[in-house]
Structures are given as C-alpha cells and as structure tokens.
Amino acid sequence: KSIFEITTRTGRKIKVTDYHSLFSFVNGHFTDIPVSLLIPGESYVAIPRNLTLPRENIPSIDLYEHLKSDKDVFVSNVKDYLERAKKILGLQRTAELLDITKKYLSDIIGKNLPVSIVNFDNLIREAKLALDYNELRIKLKGSIHEYPSIFSIDKDLWRLIGIWIAEGDFNGYTIRIHNQNKEIREDIGKICTKYGFVLSEMETCVTINSLLLQKIFKNIFGLLAGAKNKRLPPISFTLDKETKSNLLKGYFSGDGSIYSAERGKFKIEAGTVSEELANDLLYLLLDFGIVAACYKKRERTGSTTHRITILGVKNFEKFSEIGFIDRLRNDRISQYIESRKWSRSDLIPLSGELHNLASNYSRVYSTNESIGSEYLKNILLSVDKERVKYKEYWDLVGGDVCFDLVKEIRLLKEEDYVYDLSVPGEQNFIGGFGGIIAHNSEKGVRKIFERARQVS
C-alpha cells in the first residue's frame, strides 16, 4: 500500500498507509477517518493536550552492574570477597581470574587494595558469591577518587544532564559545557560540589574533570556527543514529575530563550539540529500539558534547526512549573502571564451539528470555521447545563484532546514497508513525530512504527 507522511500546523508528523485512520472532527462529531479523506488546509487531526507518563522515583543507579565490563574501572573494599573466593576456588585459581600473581593477591587482601572490576566480576561469578553492592566502591585506574557503587541521583543531577544536552560535549576525559551565564555556572558548581566532582572554569565554558561522570553519561544515560546525536535519555520518560521538570529546566536554561513576538505576545523557544531530540522534547512537554510547536529553520551554515516553540498564556503558566535556572527569564514568564487579561483557548472545528448549535447561539459563529473551547463551554453551560444532551461536546471542552490543522500530505516513494503491532484495549495510540492520535480502520488497531526500513 502507499505510505503517506501527514504534517500538521504545529510541525507534528506521522507516517501511515492510505487506509490507516486518524481521528478528526467531521460533521460535528469526533471520529476516525482514513488518511485518503483528509484535505490539507481544511482537515483537522486530533493530538493530545496532555500525556500522563509514568511517575517513578529513581533515587540511585548501580554503577557496578553498568560498568562491570569496563577495563578502566576498578572496584575497592573487596577484601572479604577475595578471602571467600580463595577458600572456594583456591589461591592459584583466584589469582588467575584476577590476572595477578599469588604474592600480589596476598598484598591486595592484606592492604584491601582495589582490583579490576572485569576480573573481579569473573571471580565472583565462578565462585558463585552474592554481592552486597552497598559495600563496594568504584574508582578509575590511577584516580584517587572513589564513589559508592550505589550512586545516588536526584533532580540536581538531572538538571545538569539537561544543561549538558543543550550545550555540552565530551572533551578528552572531561565533560565540557559551553555556557557563560553566571547563575547557570553557579548552579553547575553547586551540583559538582555536592557530588565531589572537580569543576574548572574558562571564559566560554566550564569542564567537569571526571572520567567516571563521563562514563556515567555515556554508558548509563546513553548520552552521545555531537549536536545531531543529542537525545533525552530513554529512562527520563519514566521519572517522577519533579525530576522531569529539572531535566527540562536544565535544557531550556541552556538552549532556550524567551522574547516578544508579534502583537505583544511572548514565546519560549529552543533550537536543536537533532530531530530526535526535538521529538523527545515535544513528548515530554506533553507530560506537563504543554502543546508546543516545532518548525524548521535553515541556518546560514546550511544546517537545519528544529525550533521548539511554546506560545500562549496557558502554556506559559504550565511552563512556569519547569522554569529557567536564572531569575531574569523566570521574571519574564511571570510578567507576561500577569500582563495578559485573557488567553486564547484551543480551537475546535465548526461543522455539522456543532456549527448549527453555535450559529443558533450567536450569529457571529455562522461564518466562522472554528470556535474556542472556552466559548463552546459557555454555550454548553447555557443550553445543556446538566451535561446530558451534548455529552460529546462536553468531553471535547473538558478532555485532553485538541485539534491540529493538516498542513501537508506527502506520498513517500522510498518507503516500502510499515510494521504493525496490535494495541489492546481501546485500540487507539499516540505516535509519530510530536504525537498524533491514530486508529486503524482494518481488523483490530495497530501501531505503525516509524523508520520501518531500519527495523527490517
């Protein structure tokens, strides 16, 4: 079947076959319709106004489990384990597994010295010993610094990760962040002091002199250097809301700005050359009920930047829960919210029965193509206060769905296959770039994976 890419006004995209259905508002009713019936510039598709993602408190990570195959890593405070292994396997075999001499093994046990984590793990597995990770300490070869294997992580570290995603790279054995904002630098310094990392400051950047933290960023959180490779760590979508907030605070503090737009409005905006990161941000912002937009901007260098834009008083109010590290930009958010006497609500397409309802209430709607959800709510309060006659419309003004205008429908000639996965229950799903609510019109409902050719 032919495969199409649907693009909306807010920059959301989804790849679907022509028989696949998206949710729309047709003849005054919320319904699923095939892609073949959508009209660019006229049709609307449903997108989530809010996603309730998982809320998990993750207070620590186990460095041992994540780094046990890293030859640069050593483990200390293991004297008792070596003694027990020697009794089980014998002196010769224990020394062989640790790749040391029998004499040096005695020195290690006597002085409680660190050993290679790779060799130690091989020894533990062969001796079939159980580990208490709270007893172990992790260090790097040649380093004097040691850290507990059960490494505490909190919202502050996630805020640092957010700053790094925005403006960081890996430089030799260090973590480098290109930022000159005084308050952000102070915040980075406090986090480093809290975790025992050494920070060096230069005119245009700061460096965290810790190869271990670099390994944590790379091997545990999956952070990659290079602007095009940046993404949010997959685990971040399962964090509790306060931690997610700090991750986004770090990112927008590093890469975001707030400035005046047309007609006295303000916008919050951040740019990235990574399309995957832009997609991650759109989804994570939905967990705060923030419906952001994304548009592409061609830079002078020839690269394409994906601009994440947050508009509207309601979105600003929700973003204030995230905020910036520095006071200046936070003050601008507060000032803008206080300066606006009214806020524009989400638009709902006017057609069919809903158009008749609005037109009968006020002639002004007879020529309108859409109505604000707050205006519709006022109409419903007047004509259906008991919420019985127009339950579907009540669901629209009070639910977590809004509508996005279809901007473009493009046939993808290079895509040969899509892969379907059954979704149980209501058989609806949210997918695509930035999030679109979809439904399959054939037997059952299936979730279409993007980048299907890569999977194949």
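Predicted model: local features only at pLDDT ≥ 70, side-chain atom pairs only at ≥ 80, totals over all residues.
When the whole structure was searched, two cavities of 30 Å³ or more were found. The second largest cavity holds about 30 Å³ of space, and its lining is formed by Arg49, Asp346, Leu347, Ile348, Ser373, Leu396, Val401, Cys402 and Phe403. Two strands, strand 20 (347-349) and strand 22 (401-411), each contribute at least two residues to this lining, and the greatest contribution, three residues, is that of strand 22. In terms of residue class, the lining of the second largest cavity comprises six nonpolar residues, one polar residue and two charged residues.

The largest pocket has a volume of about 1,200 Å³. It is lined by 43 residues, of which Leu311, Asn315, Arg344, Ser345 and Asp346 are the closest to its centre; Asp346 is also listed among the residues that line the second largest cavity. Both strands and helices take part in the lining of the largest pocket, with at least two residues supplied by each of strand 5 (44-48), strand 17 (266-272), strand 18 (293-298), strand 19 (304-311) and strand 22, as well as by each of helix 11 (313-319), helix 14 (373-383) and helix 15 (391-398). Among these elements, helix 11 provides the largest share, which amounts to four residues. The lining of the largest pocket divides by class into 17 nonpolar, eleven polar and 15 charged residues.

Technical notes:
Residues numbered from 1 in each chain as written. Heavy atoms only, no water. 1 Å grid on protein atoms, 1.4 Å probe; cavity = no way out; pocket = protein on both sides within 12 Å on 5 of 7 lines; lining within 4 Å. Points joined across faces, edges and corners; volume = space filled by probe spheres on them. Nonpolar A, V, L, I, M, F, W, Y, C, P; charged D, E, K, R; others polar.
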